[in-house]
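Subject: Structure handover

Hi,

Here is the structure I promised you. My notes follow below it.

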Amino acid sequence: MAPNRRRNKNYILATAALLIVVVAAIIAAGCTAGTSTPGAVIGLTGVSWSLDSYCDENSTLVGVLQGTEITARFDDGKVTGLAGCNQYGGDYHQNGAALSFSTLAQTLKYCEEPRGIMEQEARFMEVLGSTAGYRIENDRLLLTDAAGATVLVFTKEKPASIVGTSWTLAGLAGEDGGLVPVVPGTTVTAVFGADGRIGGSAGCNRYGADYAVHGADLMIEPTTMTEMYCGEPSGVMEQEDRYLALLAEVASCRVEGDRLILTDANGTDILVFEPIIRAPDLPLAGTDWVLDGYSTGKDAVSPVIAGTEITAMFAPDGKVAGSAGCNHYGGSYSLDGGNLSVSSLFSTLMYCGEPEGIMEQEGKYLALLANVSSYRVQGDRLTLTDAEGTDLLFFVVAEEVPPAPLAGTNWVLDTYSTGEDAVSSVIAKTTITVTFSPDGNIAGNAGCNNYGAAYRLDGTNLSVSPPVSTKMYCGEPEGIMEQEARYLTLLESVAGYRIDGNRLDLLDGAGGILLSFRADDADRS
């Protein structure tokens, strides 16, 4: 028997009409009294609530504007949250199902986007202030007015994942328990890595620790850190000690609006963070990296000795070079995804007696560099790691130095090529210089004799005519005349140049470095 299509059609129309009536009734009753029994008191506090809808001027429940967030949290007689643009707070009074608010206050920011956000915020604060009761239905908090009409509907916020997030400290609990802002001129950060490590700057020193998060529960293991001392700004070291002590007390976390709040086992807010607008990850190759700290074993990290600088530049051609603190070094590297290996390391053979410990630091650095197995870049920071996953070397991007001009700068030779990829530093107690004059001539001292020559520029192409020098003989230090002869020969072989900040490299026709100089700022003309 064929189905009765007319009967089915009438049934569908009747059902649709009924649904329309039901929906209309729900809309019309948006701000009227509900029929549910008031929920238990348990569940109001200790939970972060997110506003789903509110009663507008027409007594209709409307949804929160897309792209905005309004929150509420109830703890110890205080209500706090985000009103969409501004933070707010005040007192609340609860007795059974009765709930009221007083002394509500807000910050005074103005937000233009999205359209209508300030009007929504004003309406929310007005309705919140008129609240007279509440009930909880499943994971929803409904606030009601004196007539029992539902005026605000919140949903229970799910704990936000902090894994992979980066934050900067806005405030921390003082000795009296109250939150205080960070010391002006200091920056304290927390980066929650996907590898279960938290790290960042404690204001002066770098720190790191293991962490575990389960829902809202957060545990942070004892921290390791560098051991620098910062005298300025005033109070930075005391703040650092306080911050690290509070980290050890953390028991839970929550995200309210754009803030991360860490609490202790009693539920007291002890650390308040704001998000870091993270810069894009810099490339490994082509970035000037400066060592910030290095592993000394057993999870200990040491800062670089004050007054020394260790650098690394991974060139796109597979070469790595830099300063190890006293000597210049070079080598080769290979990449395979995040895997990194460094080989064929060599360095110049100078000895530096100051500052104390510089040669031991240099030896440790080069040994760690040779043991590198992988790397990761996080914004402007580079970490080199061994095969067991232990972090060995910690770099930051070098501060950008305006390039010194080729002409008019007094350049002092640091190293020179001895052939077959070998490099030698200048003999101790000898100085080799060059100055490029705007008139197309160069002059300087080759270690023993003064010399001069003509030069020509075409972009970064550079050629130098055979140098002419005085004819003195210097017997000391040993090797000075051989070094001078090598220098003048290399100078005549130059085919190009490049300047990186206060460093000048003179290159051969294949782009290899023949002579490497630094700018002598004291004599720059």
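**Disulfides and their surroundings**

C85 counts as buried, at 4% relative accessibility. Buried means under 20% relative accessible area, exposed over 50%, and partly exposed in between (1.4 Å probe, protein chains only). Please note that this is a predicted model: local features need pLDDT of at least 70, side-chain atom pairs count only at pLDDT 80 or more, and totals for chains, interfaces and linings use all residues. Residues are numbered from 1 along each chain as its sequence is written, and side-chain values use heavy atoms, with hydrogens and water left out.

A search of the whole structure finds 4 disulfides (a disulfide is a pair of cysteine sulfur atoms within 2.5 Å). Three of them are described here.

C85 is joined to C111, S to S 2.0 Å. C85 sits in the loop between β4 (78-82) and β5 (87-95), and C111 in the loop between β6 (98-106) and α2 (117-129), so the bond ties together parts 26 residues apart in sequence. Helices (H or I, at least four residues) and strands (E, at least two) are DSSP runs, numbered from the N terminus.

C326 pairs with C352, again with the sulfur atoms 2.0 Å apart. C326 is in the loop between β23 and β24, C352 in the loop between β25 (339-347) and α4, so this pair also ties together parts 26 residues apart in sequence. C326 is buried, at 8% relative accessibility.

C448 and C474 form a disulfide too, their sulfur atoms 2.0 Å apart. The torsion about their S-S bond is about 80°, so the link is right-handed. C448 is buried at 7%.

**N327**

N327 lies in the loop between β23 (319-323) and β24 (328-336). N327 is buried, with a relative accessible area of 2%. Its side chain makes a polar contact with the side chain of T348, at 2.7 Å. A polar contact is a pair of N or O atoms within 3.5 Å; within protein, one must be able to donate a hydrogen and the other to accept it, and residues adjacent in sequence count only if both atoms are side-chain atoms. Leaving aside neighbours within four places in sequence, N327 is in contact (heavy atoms within 4.5 Å) with residues including M359, E362 and S425.

**Helix α4**

Which residues of α4 are buried? They are I358, Q361, E362, Y365, L366, L368 and L369. These cover an arc of only 160° around the axis, which puts them on the same side of α4. The arc is that of the directions from the helix axis to the C-beta atoms.

Best wishes
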